[in-house]
Amino acid sequence: MAQGIDREVIAPTLREIAADWSADQEVFRHTHWGKAMMWIFLLSDTFIFSCFLTGYMTVRASATLPWPNTAEVFALNIGGQDIPLVLIAIMTFALISSSGTMAMAVNFGYQRDRRKTTALMLLTALFGLTFLGMQAFEWSKLIFEEGVRPWSNPMGAPQFGAAFFMITGFHGLHVTCGVILLLIIASKVARGHYDKSGDYSAVEIAGLYWHFVDLVWVFIFAFFYLW
Amino acid sequence: MATTLADDLRPLHHPHSWVTKYVWSQDHKVIAIQYSVTAISIGLVALVLSALMRLQLGFPGLFPAIQPDNYLQFVSMHGMIMVVYLLTALLLGGFGNYLIPLMIGARDMVFPFVNMLSFWFYLLSVIVLVAGFFVPGGPTGAGWTLYPPQAITEGTPGHQWGIATMLVSLAIFVAAFTMGGLNYVTTVLQARTRGMTLMRMPLSVWGIFTASVMGLLAFPALFVAAIMMLFDHFAGTSFFMPTMQSMGAITDTQGGSPLLFQHLFWFFGHPEVYIVALPAFGIVSDLISVHARRNIFGYRMMVWAIVIIGALSFLVWAHHMYVSGMNPYFGFFFATSTLIIAIPTAIKVYNWLLTLWRGDIHLRVPMLFAIAFIFTFIHGGLSGLFLGNVSVDVPLSDTFFVVAHFHMVMGVSPVLVIFGAIYHWYPKIFGRMWNETLGKLHFWITFLGVYAIFLPMHYLGILGVPRRYYALGETAFIPQSVHLANAWISIAALIVFVAQGMFFFNMIWSLFRGPRADPNPWGAASLEWLTPDTPPGHGNWGPHLPVVHRWAYDYSVPGAARDFIPQTEPRT
């Protein structure tokens, strides 16, 4: 059985990849240049976030004061009860949902459905804004109520605040850029720009970036909040 | 967008005025010249700094204007400018921009607008860098490696504003490089002309392509390190700052990891060596093949060696940190991975020699520089074997041996290739020919001069003379011969410094007065020599893109009418 898959699926696929790479003109056949470039950019951006997260893990290991208990720090008092990670769960849910709506927008884009594409992209941007709003709330709670600063932290290691503000801030900046990008592309879709050029690839390229930002969030969530 | 590959000019941005043609230009050739002129200008600043350093080292006490602080600032700025702002920018932004579209038969980069932004960001980063000379306290004197805590701690020159301008400038440079690098990589992958397979590309393109991919993966580490140090500096965080005493008082910082910076810096810094070296490897392969009228020996092996060196260079960074302290098993790992790189590198050197073997060698100026590169590169590579081994490196660390090694291997060698490449492509870029006699004089003084400078430095290093010292003074273990050698090196360095004037005079004078150049003066087979106009016009190829039928190295083919067959000639 395994040998059958090997012969029928894997080997021909490998042969096709080799044929594409050894052919002339294009390595990625019928791929929009912008899409290829976005993929390469995302690979580079992956290295930026990897370095940030590695740096965070290193200072967490080198810190001399104890690391705060994230379950307590990121708890929200609702109805007299501390519920750990509830805000972050909602934020994550909003962001993951936005990936869903974005995927639908790309699908309708290729079907040339201008109205639905625009609506779904706006909905995606709205989810993004929700995420940013909740992040602003979380930051202000940490700063004003808990007294966490980049250089100090009443609950222990100062590296906690430093790494938190730097990494979530850098990710928030990516989300902000993403929302602006989505709004620009959505308005172009609405004005029929891509019907004229006959090419809806821009929607997919914006989508690639958006999915990437979501994926990065999953790692930040796992490494910062759950650990 | 496969359709844009057809022979139409629609996707091109057409300039209408002088400003859009030469200032806000989106033409890769103009951007390449903008990049090159900026890089060479800032490189001249670094060259002047090295001359000032040599004045101090050769004749200590004779120039009271050079204070210890100034000396450290010269060292730091010289290193960073030469590595990042000159070599990286010139080889990728300059030669990458000029050669990639012409060599693969494209009309321009895939996203000319982003390409233009890349240059303007680069110029901004250079302006911020130069601003460091004028801020209070002057530029940083932390050494080009910028190690914290000392880089941002009181007592280091420029610890207040000089380091800040340096870090901001580096972050902008990374953004500029990313925009350019994305273009170079995507253009090579997606915009080649008909018949131009990856395995028919000239090695110059392979070198620049691989270096660009590496840059996109290595520069992020520098970017992150710069951002974190800026936080440490201005927001009082402790990413890199441990608890320590400064000026007799305990600092506010605690629990940071200075080693983290070193890891991030060298995760960028080691690939950076090959980001500079690989384009030079590629270009020198083409120079040797063209001027020896022989096909490059072992083309496939040359390509794979470039790719393998690129991949391996991401696994060796901690060999710069042997004296920082690490688990002996890590030392073993990094020494082993470092020495493995010698294999693909040796393959390349043998292949260059075998290309020359029984070739019809024309000792023109570009060829002289190419052959000189083989000499300096072998010497620099051999001293690298000493430094790659932990037990040999530890006593040699932080001595002039290290200075001699990296100047030979990644300073002089790529610069010789750059000189060769400028002489080689100048007739195509400007349509004029330079003066042969002046070029040869420039070559011989430079080539013999670098040996006069850097060979004695190995000797100083083995004696244990430390680097980055303002003056040696009366030190028991340092014999009189060291002072003599230092004076000798300084005199040689100043002669080489002045001799570069011949190069600039030759280039600028020939621009206006040089004889008109033949479209293909060297009889080269690759595409960039086959453009309808010299210099190539906007869009490069006239109405139709060239069609490629063979590799770029058909020289002295038996039975052929001429001693080269252009890539566009159909196979019979």
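Why does Asp27(B) count as buried?

## About the model

This is a predicted model, in which local features need pLDDT of at least 70 and side-chain atom pairs count only at pLDDT 80 or more, while totals for chains, interfaces and linings use all residues. Residues are numbered from 1 along each chain as its sequence is written, and chains are lettered from A and ligands numbered from 1 in the order in which they are written.

## Asp27 of chain B

Asp27(B) counts as buried because it has 28 C-beta neighbours inside 10 Å; the cut-off for buried is 20 or more other C-beta atoms within 10 Å, with C-beta atoms placed from the backbone. Its place is the loop between helix H1 (18-22) and helix H2 (28-58) of chain B, where helices are DSSP runs of H or I with at least four residues, numbered from the N terminus.

Leaving aside residues up to four places away in sequence, Asp27(B) touches Asp108(B) and His538(B). Contact here means C-beta atoms, placed from the backbone, within 7 Å. From Asp27(B) to Ser212(B) there are 185 residues in sequence and 19 Å in space, C-alpha to C-alpha.

## Where chain A meets chain B

Across the two chains, 35 residues of chain A are in contact with 37 residues of chain B. On the chain A side, helix H1 (2-22), helix H2 (33-62) and helix H6 (158-190) each give two or more residues. H2(A) supplies the largest share, 15 residues.

## Domains of chain A

Chain A splits into domain 1 (1-30) and domain 2 (32-226), with bounds from an automatic or database domain assignment. The C-alpha centres of these two domains of chain A are 35 Å apart.

Note on methods: A residue is buried if 20 or more other C-beta atoms lie within 10 Å of its own, exposed if 12 or fewer, and partly exposed in between; C-beta atoms are placed from the backbone.
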